[in-house]
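Here is a friendly walk through one protein model. Please have the sequence and the 3D view open as you read.

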Amino acid sequence: MWALALIGLAVLTGSAQAGSPRSGASACYVTGGGALEICRSENEAEGVYAVPPPCRFVHDVQILRLKDTGPPGPLQVIYRAEPPRQSGRRSEDSCPADLRATDPASGGAVRIGRQIETLATILPPTDPRFWSEGLKGAGPARAEQPRRRSRASRQARREARRAAREAGQQDKMTFRAQAPVPEDDLSGNAMMVAGRDWAGDPYYAILATATEPSGEGRRRVLVQARTYDFQSLDLRVGADPGTEWRPFGAPSEEKGRRRGRGQPAAVKPAPVLDDAGKPIVGNCAAPGFEARGLTGSISVVDRVYHYFYTDVLPADCDAPRARRRMALYLRTSRDPLAERTWSAPVTLIESLPAETEIRVAKARGMDRWAVAYSCSRPVTVSGGPVADICLHYTADLSPGSVTALTLYAEPIAAGHSAAYLGLRSGGDALGRFTRDGFGWMTDRYGNLDAPTIYPDKGGFLTWLDRRAPRSDGSDASSLYGRPVYWATWTVRPRAAQP
């Protein structure tokens, strides 16, 4: 199994890294309203989490600790991955060498697998539990062959090459390095959280972002599934009136769709509705892979579900991609598995840099929010500006404490922050990194947790590096075959410092 083969690769972590801006036993910065400091020493735990084969990719990993330690526990991992291949169960080694994710209509899959506590730093064997081809119908999505691309795909490639040329002419302090080709998983991320188990609800809720055609482009939309055993899944689908749960793979009214051998029938998921009956969709439609919005995390505090996510500001929908400012939004719910349950969005932070990704969860052992976000190190530090992941803690659990945070230094569009973790792992031979599609480990309520081997750590996060060497040594794709890494951090009261 390719996941288990990664044990021997862990010693290679950090083999390609930029010069560390921090020296000494540890480096710390102040957060939590001045009451806390986050520290990462030069020997802080990091490692290789996954090196997928050339036909697979991994991003937005969430590791979930279940209530029971026996099967299906103690841990479950959920992440976004490549769509299942229509040709059936072919060998992972038989895929085209230059397989790429270049078709915006292909969608992606949600993969789930049981994780053993002692191997929490290694991706376990997983299976695709459900997948979608936009909202044209959930079911097998075609992995596009490199020599038969659609007109939209070719246009997307031309636009990305033009954007890359323009980016190369801009200041080198660009917030985030762009992929060299228009290649991505359009479907965004997936989030898992326990249902109202205090009321006897046995289900776990899975909320995932998909895309739907909208005008000349595509738009993000939130869809939903549920499971109690992490093997079978129900999808929320449209009904008259409202919506209903239908087992994934059950017969559909949609006729004529071809399926790969052993794959479920097509089922069209319904958008998740807010308490006013409106679908939860992204603010903007965009061409190709440019659709953004709804990527985030869910955390349960005092039996209230908090869905934090980023989206493009409506005023910037028509702006160039690199200038589309984003905002952090919050929706709440008392029951994520009920229909029409999410509140209208509340804007917490505006004018974030383009492409910003944020995860928010209740901090481990504290009544504070932990806010992780994409960033780059300041220009003034050694090796900067380098892509990193930044982290802040709030003063309390009020939404206003998130708004009070200062995430980026001026100019905000550059995405620089002194609150960076100083991650070392990954990168190419030139010391270039990406920290894409990051996620972390939580308890069943979406609140921060860590493997038992790291009882004193503030948390455990993972990220995809599109520049680190592929598993087959080639440079064919910036997504397929690229490794995922993990790291921990330490947070402590400032008074504890000698």
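Residues are numbered from 1 along each chain as its sequence is written, and side-chain values use heavy atoms, with hydrogens and water left out. The protein chain comes to two helices and 23 strands; here helices (H or I, at least four residues) and strands (E, at least two) are DSSP runs, numbered from the N terminus.

**Confidence**

- The average pLDDT of the protein chain is 82, and 78% of the residues score at least 70; pLDDT is the predictor's confidence in each residue, from 0 to 100.
- Residues 3-25 stay under 50 in pLDDT, and the model gives them 49 contacts beyond four places in sequence; a contact means heavy atoms within 4.5 Å.
- Residues 134-154 also have a pLDDT below 50, with 69 contacts in the model beyond near neighbours in sequence.
- Where pLDDT is low, the predicted coordinates should not be read in detail.

**The chain as a whole**

- Of the 498 residues in the protein chain, 61% are buried; buried means under 20% relative accessible area, exposed over 50%, and partly exposed in between (1.4 Å probe, protein chains only).
- Among contacts with a separation of 6 or more, 67% join residues 24 or more positions apart.
- The protein chain exposes about 20,500 Å², with carbon and sulfur atoms supplying 49% of it; accessible areas come from the Shrake-Rupley method with a 1.4 Å probe, and for residues only the protein chains shown count as cover.

**The four-stranded sheet**

- Four strands form an open sheet in the order β14-β15-β16-β17, paired in the antiparallel sense; two strands pair if DSSP finds at least two bridges between them.
- β14 (295-301) and β17 (346-352) are the edges, and each has a single partner strand, so one side of each is left without a neighbour in the sheet.
- On average, neighbouring strands of this sheet are turned by 20° against each other, direction ignored; the axes are lines fitted to C-alpha atoms, for helices over the stretch in contact, and angles run from 0 to 180 degrees between N-to-C directions.
- β14 and β15 (residues 304-312) run antiparallel and are joined by seven bridges, and T295 stands opposite T310 in β15.

**The three-stranded sheet**

- A second open sheet has the order β18-β19-β20, again with antiparallel pairing.
- Its edge strands are β18 (358-362) and β20 (387-393), each pairing on one side only.
- From one strand to the next, the twist averages 20°.
- β19 and β20 are joined by seven bridges, with A370 opposite Y393 in β20.

**Nonpolar cores**

- The largest nonpolar core has 50 residues, and those with the most contacts inside it are Y373, L391, Y393 and W489; such a core is a set of buried Ala, Val, Leu, Ile, Met, Phe, Trp, Tyr and Cys residues joined through side-chain atoms within 4.5 Å.
- Strand β19 (residues 369-376) supplies the largest share of this core, six residues.
- Beyond four places in sequence, the contacts of Y373 include I358, L391, L407 and F438.
- A second, separate core has 42 residues, among them L294, I298, Y305 and Y445.

**Two loop serines**

- S343 lies in the loop between β16 and β17, and S343 counts as buried because its relative accessibility is 17%.
- Apart from neighbours within four places in sequence, S343 is in contact with D274, D275, R331 and T332.
- S474 lies in the loop between β22 (459-464) and β23 (484-493), and S474 is partly exposed at 28% relative accessible area.
- S474 and P54 are 420 residues apart in sequence, yet their C-alpha atoms are 9.1 Å apart in space.

Conventions:
This is a predicted model: local features need pLDDT of at least 70, side-chain atom pairs count only at pLDDT 80 or more; totals for chains, interfaces and linings use all residues.
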